[in-house]
Amino acid sequence: MKESVAVTITESSQTGEARRAAMALATQLGFQETERGKVGIVVTEIANNLVQHAHGGVVLLRSLKEHSRIGIEILALDKGRGMVDVDECLQDGFSTAGTLGNGMGAIHRLSGLLEIYSVPNQGTALLAHLWPDPAPHLPEKFLEIGAICLPKRGEEVSGDTWASEVDSCRSLLLVADGLGHGPAAASAASAAVRMFQEHLHRSPGAIVEAAHAALRSTRGAALAIAEIDFEQQSMRFAGIGNIAASIFSFTEHRHLLSHNGTVGHEIRKIQEFSYPWYANGILIMHSDGLSSKWQIDRYPGLMQKHPSLIAGVLYRDFNRERDDVTVLVAKGMGSNE
């Protein structure tokens, strides 16, 4: 499931809606009863915290795939008073007496991964991952990916989408924005993903060219593809239309270049650009549903966080609300060194 599920939380009655959405996703993904119960507790505690401490916010849910494992990502975003000391907030106890537990302590204990980014008087982003079974020995990761993909308010499906293919030598990432909104836009974006998946062995420019031919019967789309070569520490990038992309390291910041046009209709030029890739690199790609006015250096410490938290904070503060939106963040696993 590339699209996220968003549940707005402004009052206590909406915690039940968030819980039901999370439980439905857990059931769909094959979680057993005990693990579904953990998902329900975590989402309920997160939603309650949004009401009690932040005067509301949003809970985003999406499925995760890590090799053969399927899990759930829960991302909570608010613009409340924030936390002065995150570690202190995590010291709450955990109840085994049949209650929902003790707030942040319960969330911490039940989650496979918990990360928080909070700035006093600016808000909090909380990320939790839950898996239906213990982690086996997994291969070394070279890239961590976080993403948010949501339709325009009032639409059932998003005209945006994203895709990725990650391995130890070379990884490809795509963001596509079908023209307009609704099912026709989603169809164009889906066709772009099919071409991406069918031509993974090719370069970004060649995949864009294949998509241009395949999307002629659709509305067309803006499209950008990045290829990261870990061995060569380089990136190739090809983009058509208004997909924004930037590379960051602790010392560098580059905006990636795209050409004007619409894939499937009119393209004046398909061109690949090459850039260096760093062991501590971060790639941020997004559709025009996110304002381009964000500046990552205005968020102290955010670059050290999980890519989903980075995507979440940017979405919280810069989504236009009147358009489909996708934010894709890929982070080299050397980033914390």
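Which residues in α1 meet which residues in α2? With contact meaning heavy atoms within 4.5 Å, T15, A18, R19, A22, M23, A26 and T27 in α1 meet R36, V39, G40, V43, T44, A47 and N48 in α2. These contact residues divide into seven nonpolar, five polar and two charged, where Ala, Val, Leu, Ile, Met, Phe, Trp, Tyr, Cys and Pro count as nonpolar, Asp, Glu, Lys and Arg as charged, and the others, Gly among them, as polar.

This is a predicted model, in which local features need pLDDT of at least 70 and side-chain atom pairs count only at pLDDT 80 or more, while totals for chains, interfaces and linings use all residues. Residues are numbered from 1 along each chain as its sequence is written, and side-chain values use heavy atoms, with hydrogens and water left out.

| Helix (DSSP run of H or I, at least four residues) | Residues |
|---|---|
| α1 | 14-28 |
| α2 | 33-54 |

The axes of α1 and α2, lines fitted to C-alpha atoms over the stretch in contact, come within 9 Å and cross at roughly 150°; the two helices are therefore roughly antiparallel (angles over 145 degrees). After α2 comes H55, whose phi is positive, near 60°.

The mean pLDDT (the predictor's confidence in each residue, from 0 to 100) of the protein chain is 90, but pLDDT stays under 50 over residues 93-101. Where pLDDT is low, the predicted coordinates should not be read in detail.

How values were computed
Axes fitted to C-alpha atoms, helices over the stretch in contact; angles between N-to-C directions. Parallel < 35°, antiparallel > 145°, perpendicular 65-115°, else oblique.
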